Amino acid sequence: MALGLTNISEDERNSDGHPLLDADNGEELMHVQPGVSIALGNRAPEPSGTLFISTMRVVWLSDGERTKGYGVDFVSISLHAVSRDPDAYSSPCIYCQIDKGDDEESDGSDSECNEDLDLSKISEMRLIPSDPSQLDNLFNIFCECAALNPEPGEDDEEENEWIFGDEQNGEAIGADGGDASEWHFSENLANPIGQANGGHDLAHSVLELQINDQRFEDAEEMEHEEPDGHQ
């Protein structure tokens with residue numbers, strides 16, 4: 001299974017314009033969301049298309065160009081989050097970090113901003129619904145499908161996965177549903193923030209989203225305190 005974004009060609013659509021599913025491996029379509037734009041890396045959003053979420057992957061297909069479409073397996077999505085902060089991005093969206101399968105960091109002048117799109121260099125994806133009220137529902141579907149696609153060896157690292165949402169009332173909940181007691185936040189979370197898949201550092205990733213929130217600063221201060229209470 002290839003990591004990262006892939007092109008979805010016209011041949012990979014059925015007669016209804018939906019992506020062809022890998023039925024032999026049990027892939028099922030979970031949700032269809034029309035009226036969604038996609039922004040890859042630092043590029044401007046593509047014109048509106050349709051978002052398809054299956055049990056194995058996320059696929060976006062252009063409404064205007066049948067030859068344009070992108071797909072990414074859930075095992076390649078290391079983080080997905082709801083972004084409503086206009087300082088982070090101009091439109092409310094689902095933000096995704098994508099594992100490209102290499103350890104090389106892209107510099108600021110890579111092909112993400114150029115006319116020739118190199119999907120192997122894309123490490124961020126934003127899905128922008130025309131109706132922002134659909135964000136929470138999309139986030140929940142992402143969480144459900146991501147849980148169906150654990151990373152290899154993830155069983156030993158489940159304590160590193162957190163989900164934040166309204167129902168947790170500010171507590172960090174482990175992947176097994178138990179209370180991750182080493183992480184507590186006093187504030188009630190107004191909106192779902194994100195889910196990290198695998199052993200990724202969610203607090204660091206959310207800070208990269210420029211969500212400036214005092215509760216993360218407090219958590220970092222607690223981490224750096226020595227046992228005797230001295231900084």
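## Cysteines, aromatic pairs and a loop proline

Cys93 is buried, with a relative accessible area of 0%. That value, like the others in this report, comes from a predicted model.

Let us stay with the cysteines for a moment. How many disulfides does the structure hold? The count is zero. Cys93 is accordingly in no disulfide, and the nearest cysteine sulfur, that of Cys96, is 8.8 Å away. A disulfide would need the two sulfur atoms within 2.5 Å. Cys143 is also buried, at a relative accessible area of 12%. Its closest cysteine sulfur belongs to Cys145 and is 9.6 Å away, which is too far for a bond.

Now to the rings. The structure holds two aromatic pairs. One of them joins Trp60 and Tyr70 in a stacked arrangement, with 5.9 Å from centre to centre and 15° between the planes. Trp60 belongs to strand β4 (residues 57-62) and Tyr70 to strand β5 (residues 69-73), so this pair ties together parts that are 10 residues apart in sequence. Are these two residues buried or exposed? Trp60 is buried, with a relative accessible area of 1%, and Tyr70 is buried as well, at 5%.

Phe74 and Phe142 also form a pair: their ring centres are 5.7 Å apart and their planes stand at 75°, so the pair is edge-to-face. Phe74 sits in the loop between β5 and β6 (77-83), while Phe142 is part of helix α1 (residues 135-147), so the pair links parts that are 68 residues apart in sequence. Both Phe74 and Phe142 are buried.

Here are the two pairs side by side:

| Pair | Centre to centre | Angle between planes | Arrangement |
|---|---|---|---|
| Trp60 and Tyr70 | 5.9 Å | 15° | stacked |
| Phe74 and Phe142 | 5.7 Å | 75° | edge-to-face |

Where is Pro47 placed? It lies in the loop between β2 (29-40) and β3 (49-54). Pro47 is exposed, with a relative accessible area of 58%, whereas Trp60 is buried. Leaving aside residues up to four places away in sequence, Pro47 touches Ser37 and Trp60. The C-alpha atom of Pro47 is separated by 8.4 Å from that of Val36, a residue 11 places away along the chain.

Note on methods:
Residues are numbered from 1 along each chain as its sequence is written. This is a predicted model: local features need pLDDT of at least 70, side-chain atom pairs count only at pLDDT 80 or more; totals for chains, interfaces and linings use all residues. Side-chain values use heavy atoms; hydrogens and water are left out. Rings of Phe, Tyr and Trp (its six-membered ring) pair if their centres lie within 6.5 Å; planes under 30 degrees apart count as stacked, over 60 as edge-to-face and the rest as tilted. Helices (H or I, at least four residues) and strands (E, at least two) are DSSP runs, numbered from the N terminus. Buried means under 20% relative accessible area, exposed over 50%, partly exposed in between (1.4 Å probe, protein chains only). Contact means heavy atoms within 4.5 Å.
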